[in-house]
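Student: I am new to this structure and would like to learn how its features are read. May we go through them one at a time?

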Amino acid sequence: MNNIYLEEGKNTPKIIGDVSQSKLTIHGNSYPEDIQLFYAPIISWIEALSKLESKICVDCQFYYIASSSVIATLKLLQKVESLFEKANITFNWRYEIGDDDIKKIGQDFSSLLKNNLNIIEVPET
């Protein structure tokens, strides 16, 4: 199985899926023109990882996230929950100091998922 790497674009986040660490990192803005097309290979990567590894860490940090990406991200996290045991999942949700909108999305996700999100405040970049 290969790692996944998608360079950050104008309207898409950087994606790093590291098999050796069982970690998926999503970082940047998310408002792709075709949400399904963008997130499909990430979901496929998670599905493949679940056949090799029993644990996963998903680390997200968004600066801007469109409503369609909010839904896609929630579905991605729910997919992780369906493929991995609860005790083997770590969700980190990072937001910049003062970005109450991104923080609130993380809090909402935490209430909708079986696993808690670690909601982490980070300095502005």
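Student: In which strand is the place of Asp-18?

Tutor: Please bear in mind throughout that this is a predicted model. Asp-18 belongs to strand β2, which covers residues 14-18.

Student: Which residues is Asp-18 in contact with, leaving aside its neighbours within four places in sequence?

Tutor: Contact is judged by heavy atoms within 4.5 Å. With those neighbours set aside, Asp-18 is in contact with Asn-3, Lys-23 and Trp-45.

Student: Where does Ser-54 lie, and which residues does Ser-54 touch, not counting residues up to four places away in sequence?

Tutor: Ser-54 is found in the loop between α1 and β4, the latter being residues 56-65. On that count, Ser-54 touches Phe-84 and Asn-88. Between Ser-54 and Leu-112 there are 58 residues in sequence, and the distance in space is 23 Å from C-alpha to C-alpha.

Student: How are two helices described when they pack, and at what angle do the axes of α1 and α2 cross?

Tutor: One reads the angle, the distance and the handedness in turn. The axes of α1 and α2 cross at roughly 15° and come within 10 Å. Angles under 35 degrees count as roughly parallel, and therefore α1 and α2 are described as roughly parallel to each other. Their crossing is right-handed.

Student: Which residues of α1 and α2 meet?

Tutor: From α1 come Ile-35, Tyr-39, Ile-42, Ile-43, Ile-46, Glu-47 and Ser-50. In α2 they meet Ser-68, Ser-69, Ala-72, Thr-73, Leu-76, Lys-79, Val-80 and Leu-83. By class, this contact of α1 with α2 holds nine nonpolar, four polar and two charged residues.

Student: At what angle do α2 and α3 pack?

Tutor: Helix α3 spans residues 100-112, and α2 packs with α3 at an angle of about 40°, their axes being 11 Å apart. That angle makes α2 oblique to α3. The crossing in which α2 passes α3 is right-handed. Val-70, Thr-73, Leu-74 and Leu-77 of α2 make the contact with Ile-105, Phe-109 and Leu-112 of α3. Six of these residues are nonpolar, one is polar and none is charged.

Student: Which residues line the largest pocket?

Tutor: The lining consists of Ile-35, Gln-36, Tyr-39, Ala-40, Ile-43, Ser-68, Ile-71, Ala-72 and Lys-75. The largest share of this lining, five residues, comes from α1. By class, the lining has six nonpolar, two polar and one charged.

Terms used. Residues numbered from 1 in each chain as written. Predicted model: local features only at pLDDT ≥ 70, side-chain atom pairs only at ≥ 80, totals over all residues. Heavy atoms only, no water. 1 Å grid on protein atoms, 1.4 Å probe; cavity = no way out; pocket = protein on both sides within 12 Å on 5 of 7 lines; lining within 4 Å. Helix = DSSP H or I, 4+ residues; strand = E, 2+ residues; numbered from the N terminus. Nonpolar A, V, L, I, M, F, W, Y, C, P; charged D, E, K, R; others polar. Axes fitted to C-alpha atoms, helices over the stretch in contact; angles between N-to-C directions. Parallel < 35°, antiparallel > 145°, perpendicular 65-115°, else oblique. Left-handed = near helix turned anticlockwise from the far one by under 90°.
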